[in-house]
Structure formats: C-alpha cells, structure tokens
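Me: I'd like to learn how to read helices and their packing in a model. Can you walk me through it?

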Amino acid sequence: MIIANTISQVRDQVRQWRREGLTVGLVPTMGYLHEGHGSLVGKAAEDCDRVVASVFVNPTQFAPGEDLASYPRDFERDCEILEKQGCSMVFHPSVDEMYPDGNGKTDTYIEILNDMPKQLCGRTRPNHFRGVGTVVGKLFNIVLPDKAYFGEKDAQQLAIIRRMVRDLSYGIEIVGCPIVREPDGLAKSSRNIHLKPDERKAAAVLYRSLKIAEEMASDGEKSSKTVTDAVRAEIEKEPLAEVEYVSAVDSLSMEPVETVGKGTLIAIAVRIGQTRLIDNCVLNTI
Ligand code: AMP
C-alpha cells in the first residue's frame with residue numbers, strides 16, 4: 001500500500017492508474033479506523049480496481065471548543081486495517097497541505113444553502129457541514145474517483161454529499177454503506193474509545209431506542225411525535241444519557257415529517273458523559 005502525504009503524489013499515482021485503464025474508488029475518513037471504515041474500504045475494493053482512503057482530521061468541520069485536539073489518532077494501526085481491506089493508497093496529508101493558508105484557514109467553501117445542513121446535527125454544529133462539504137469536495141478534486149463510499153451512520157452527511165455531487169456535477173457515484181455495529185447494537189465509532197466502562201454499557205440505549213421506533217412503525221404507528229417521544233423516553237431512562245435530538249425526517253431532504261412511513265429517517269444524537277454519539281435507522285427498510 002502506498003502512503004502519500006502530498007496532493008501531487010496522489011495525482012501522479014491516480015494519473016498512472018488512469019493510463020492503465022483502472023477504476024478508482026475513494027473512502028474519506030478521519031482515521032482511528034474500525035470495522036465500519038473497514039467495510040467501506042472492502043466494498044470499494046470489490047467494486048473498483050484501485051482504492052484510495054484518506055486519513056485526515058479536518059479542522060474546518062470542528063467548531064472552537066469541539067473535540068478537534070482530542071480526536072483519537074493511530075495512523076500505524078489505520079494502515080494495517082486499510083492494507084488488510086485491500087486499500088491501494090492512503091492519503092495522509094498535513095493540515096497545511098490541505099489548507100495552504102495555514103491553521104485550517106480557507107476563503108473558499110462548498111456550502112449547501114437550503115435547510116438540509118441546518119437540521120439535526122446542524123442545530124448544534126452550525127458550520128459543520130460546510131467544513132465536510134469543503135473537504136470532501138477537495139478530496140474529490142484531488143483523487144478524481146469513479147466512486148466514493150460513505151457510511152449510512154452519518155445519514156445527514158451522506159444526503160448532503162449526494163446533493164452536492166448532483167448540484168456541482170461531480171460525476172462521481174456515491175455509494176452508501178450500512179451501519180456496522182457492536183454485538184450490543186452500538187454503532188461503531190472512533191469516539192467510542194472515549195467511553196468509560198459504565199458509559200459504554202449505557203451507550204447501548206441508542207440502538208435500543210431505535211428498535212422501539214422500528215417496532216412502533218411496523219405495528220402501524222404513523223405519528224412522528226408519538227414515535228420520537230417514545231424513543232426519547234427510552235433514552236431518558238438511562239441516567240448517563242442526555243438527549244441532544246430525536247428527529248423523524250425525510251431521508252433524502254432531511255426535512256422534518258409529521259407522519260412516519262417508508263423512507264422516514266429516525267435520527268438521534270445523545271451525549272453519554274463527555275462523548276457525543278449519533279445513530280439512526282430508516283423505517284421499513286431494516
Ligand atoms: P469518520 O472517520 O468518522 O469521518 O467516518 C468516515 C466514514 O466512515 C464516514 O463515511 C462514516 O459514515 C463511515 N462510518 C463511520 N462509522 C461507521 C459505521 N459504524 N458503519 C459504517 N460506516 C461508518
């Protein structure tokens with residue numbers, strides 16, 4: 001597996017692959033990889049001749065006071081996981097390589113101007129999706145992949161990237177990949193490492209609460225308020241959990257819905273101690 005730290009190294013290598021007629025898949029990550037990331041790389045390796053994974057903790061998607069500095073990192077271990085999953089090249093740039101003005105500063109952003117980035121996580125993280133859109137757009141321009149792979153765990157991010165690719169005519173196929181979970185249902189996340197043992201146990205409440213939404217919907221409940229109230233009540237039974245949001249939205253537009261049905265996304269964000277966790281399910285599909 002090639003380790004590239006510069007944009008020009010990535011471009012030269014991808015150009016070479018293109019000359020050989022090979023297809024290229026991209027998997028953007030912030031590192032500290034787990035089986036969720038591994039599944040994206042594995043799928044990309046199945047679909048494409050070559051796979052580029054990026055490992056970059058992107059400063060423009062963190063607000064001051066968020067966990068940029070404490071975001072977990074272990075590049076050596078990441079490389080082992082990537083290589084095992086069939087990754088051809090890992091792009092591991094410095095902040096200055098990605099943002100030449102230094103300190104993650106940029107004067108140019110990619111930002112969706114409708115309400116999509118303002119819903120769900122956007123309520124407490126107002127510039128988060130502007131940072132995500134910008135870094136993903138930069139990675140698309142650097143790698144010029146045929147396909148790019150994103151987890152359904154970050155459902156709002158996936159919807160925003162699909163919209164951005166459509167609006168800006170990127171011509172890249174966006175592939176959504178299912179959420180990979182721990183045996184007790186907790187969605188795998190790099191941030192799970194921060195959970196203390198009692199918090200880790202408590203964190204299983206996220207998945208348990210989503211199961212309640214699925215059961216209610218399959219029993220015919222149509223009111224989004226009734227469903228989200230029940231999800232919230234389940235989470236609130238857990239003393240270590242603090243709800244940030246429980247929302248029922250359309251899975252493409254992220255607009256809140258009053259009636260739940262096929263295609264409704266139930267999305268939650270919950271703080272367990274200092275750690276903010278997100279999870280979701282799409283009703284009638286899992
Ligand atoms: P991150 O490193 O957290 O920015 O995530 C990089 C990519 O991996 C994103 O597309 C995430 O949605 C995806 N991802 C993270 N956790 C999971 C998971 N548990 N299952 C599937 N995909 C995931």
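Me: Is α5 enclosed or open to the outside, and how many of its 16 residues are buried?
Reply: Buried means under 20% relative accessible area, exposed over 50%, partly exposed in between (1.4 Å probe, protein chains only). In α5, 13 of the 16 residues are buried, so the helix is largely enclosed by the rest of the structure. Keep in mind that this is a predicted model, where local features need pLDDT of at least 70, side-chain atom pairs count only at pLDDT 80 or more, and totals for chains, interfaces and linings use all residues. Residues are numbered from 1 along each chain as its sequence is written, and side-chain values use heavy atoms, with hydrogens and water left out.

Me: What span does α5 reach?
Reply: The expected span is 1.5 Å times one less than the number of residues. For α5 (residues 128-143), the first and last C-alpha are 23 Å apart, close to the expected 22 Å. Next comes L144, with a positive phi near 50°.

Me: How do the axes of α8 and α9 cross?
Reply: Axes are lines fitted to C-alpha atoms, for helices over the stretch in contact, with angles from 0 to 180 degrees between N-to-C directions. Those of α8 (residues 205-218) and α9 (residues 224-236) come within 9 Å and cross at roughly 155°. That makes the two roughly antiparallel (over 145 degrees).

Me: Which residues of α8 and α9 meet?
Reply: Contact means heavy atoms within 4.5 Å. Among those meeting are V205, I212 and M216 in α8, and V227, V231 and I235 in α9.

Key: Helix = DSSP H or I, 4+ residues; strand = E, 2+ residues; numbered from the N terminus. Parallel < 35°, antiparallel > 145°, perpendicular 65-115°, else oblique.
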